[in-house]
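This report covers a sheet, an aromatic pair and a set of salt bridges. The sequence and structure are shown first.

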Amino acid sequence: MAELIGQQLKDPLMMRITEIIEPSINALGFELVRVSMMGKDSNVLQIMADRADGNGSINVEDCAEISRTVSALMDVEDPISGAYHLEVSSPGIDRPLTRAKDFDVWRGFEAKVELVMAQSGRRRFSGKLDGVEDDAVALIVDGERELLPLADIAKSKLVLTDELIAHVTGKGRSDENAE
């Protein structure tokens with residue numbers, strides 16, 4: 001199962017859905033990034049996935065293939081009571097960071113991290129990712145290195161910057177490093 005971090009582990013329905021769909025998504029050559037339920041009036045089950053091999057982002061056909069697979073699995077297992085809409089997408093450039101490995105993969109890029117409980121007098125941190133150390137995210141904030149426990153992360157995501165866009169799109173990089 002995906003090595004999810006923080007508060008994602010506390011929602012039994014999202015964990016159950018992950019257990020149901022992740023093996024099939026992996027078998028298709030994709031990797032589950034996030035499972036979440038959104039919306040107040042209408043339930044939207046949001047599935048974010050990426051290519052398991054890391055070669056670029058998923059496209060519309062990939063999303064359709066994942067959607068068909070997830071729909072069939074959800075129809076059989078039926079873990080959600082009531083009606084819902086299924087939304088499948090790529091995580092995008094300013095992607096959520098949902099697994100411990102994400103903080104290593106995106107080391108050197110700007111990120112926002114929100115904690116469940118305050119640390120050093122604050123819950124929200126913005127800075128440059130410096131990997132994972134001792135079950136904590138290392139983040140350079142205003143020149144200081146902060147260690148934020150993975151278990152305490154409510155949400156985190158990359159910040160859209162010119163550097164990140166250039167990295168993801170391959171502009172300004174040699175061909176051997178382009179995705």
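A residue counts as buried when its relative accessible area is under 20%, as exposed when that area is over 50%, and as partly exposed in between. The model described here is predicted.

**Aromatic pair**

Phe109 has a relative accessibility of 9% and is therefore buried. Trp106, at 7% relative accessible area, is buried as well. How many aromatic pairs does the structure hold? There is one aromatic pair in the structure. It is formed by Trp106 and Phe109, whose ring centres are 5.9 Å apart and whose planes stand at 65°, so the pair is edge-to-face. The cut-off behind that label is a plane angle over 60 degrees.

**Sheet**

Strands of a sheet pair through backbone hydrogen bonds, and the pairing may be parallel or antiparallel. In this model, five strands make up an open sheet in the order E7-E6-E5-E4-E8, and the pairing is antiparallel. Strand E7 (144-149) and strand E8 (153-158) each have a single partner strand because they stand at the edges, and one side of each is left without a neighbour in the sheet. On average, neighbouring strands of this sheet are turned by 40° against each other, with direction ignored.

Strand E4 spans residues 110-119 and strand E5 spans residues 122-133. These two strands run antiparallel and are joined by six bridges. Glu114 in particular has Arg124 of E5 as its bridge partner.

Glu114 is found in strand E4. Is Glu114 buried or exposed? Its relative accessible area is 14%, so Glu114 is buried. The side chain of Glu114 makes a polar contact with the side chain of Arg123 at 2.9 Å. The side chains of these two residues also meet in a salt bridge, with an N to O distance of 2.9 Å.

With neighbours within four places in sequence left aside, Glu114 is in contact with Arg123, Arg124, Asp152, Ile153, Ala154 and Lys155.

**Salt bridges**

The structure holds 13 salt bridges.

| Pair | N to O distance |
|---|---|
| Arg107 and Asp104 | 3.2 Å |
| Arg123 and Glu114 | 2.9 Å |
| Glu133 and Arg145 | 3.0 Å |

In the Arg107 and Asp104 pair, Arg107 is partly exposed at 43% relative accessibility, and Asp104 is partly exposed with a relative accessible area of 37%.

Glu133 forms a salt bridge with Arg145, and their closest N and O atoms are 3.0 Å apart. Because Glu133 lies in strand E5 and Arg145 in strand E7, this pair ties together parts that are 12 residues apart in sequence. Glu133 counts as partly exposed at 29% relative accessibility, and Arg145 is partly exposed with a relative accessible area of 40%.

Which residues are linked in a network of salt bridges? The network links Glu31, Arg99, Lys101 and Asp102.

Note on methods
Residues are numbered from 1 along each chain as its sequence is written. This is a predicted model: local features need pLDDT of at least 70, side-chain atom pairs count only at pLDDT 80 or more; totals for chains, interfaces and linings use all residues. Side-chain values use heavy atoms; hydrogens and water are left out. Two strands pair if DSSP finds at least two bridges between them. Helices (H or I, at least four residues) and strands (E, at least two) are DSSP runs, numbered from the N terminus. Axes are lines fitted to C-alpha atoms, for helices over the stretch in contact, and angles run from 0 to 180 degrees between N-to-C directions. Rings of Phe, Tyr and Trp (its six-membered ring) pair if their centres lie within 6.5 Å; planes under 30 degrees apart count as stacked, over 60 as edge-to-face and the rest as tilted. Buried means under 20% relative accessible area, exposed over 50%, partly exposed in between (1.4 Å probe, protein chains only). A polar contact is a pair of N or O atoms within 3.5 Å; within protein, one must be able to donate a hydrogen and the other to accept it, and residues adjacent in sequence count only if both atoms are side-chain atoms. Contact means heavy atoms within 4.5 Å. A salt bridge is a side-chain nitrogen of Lys or Arg within 4 Å of a carboxyl oxygen of Asp or Glu.
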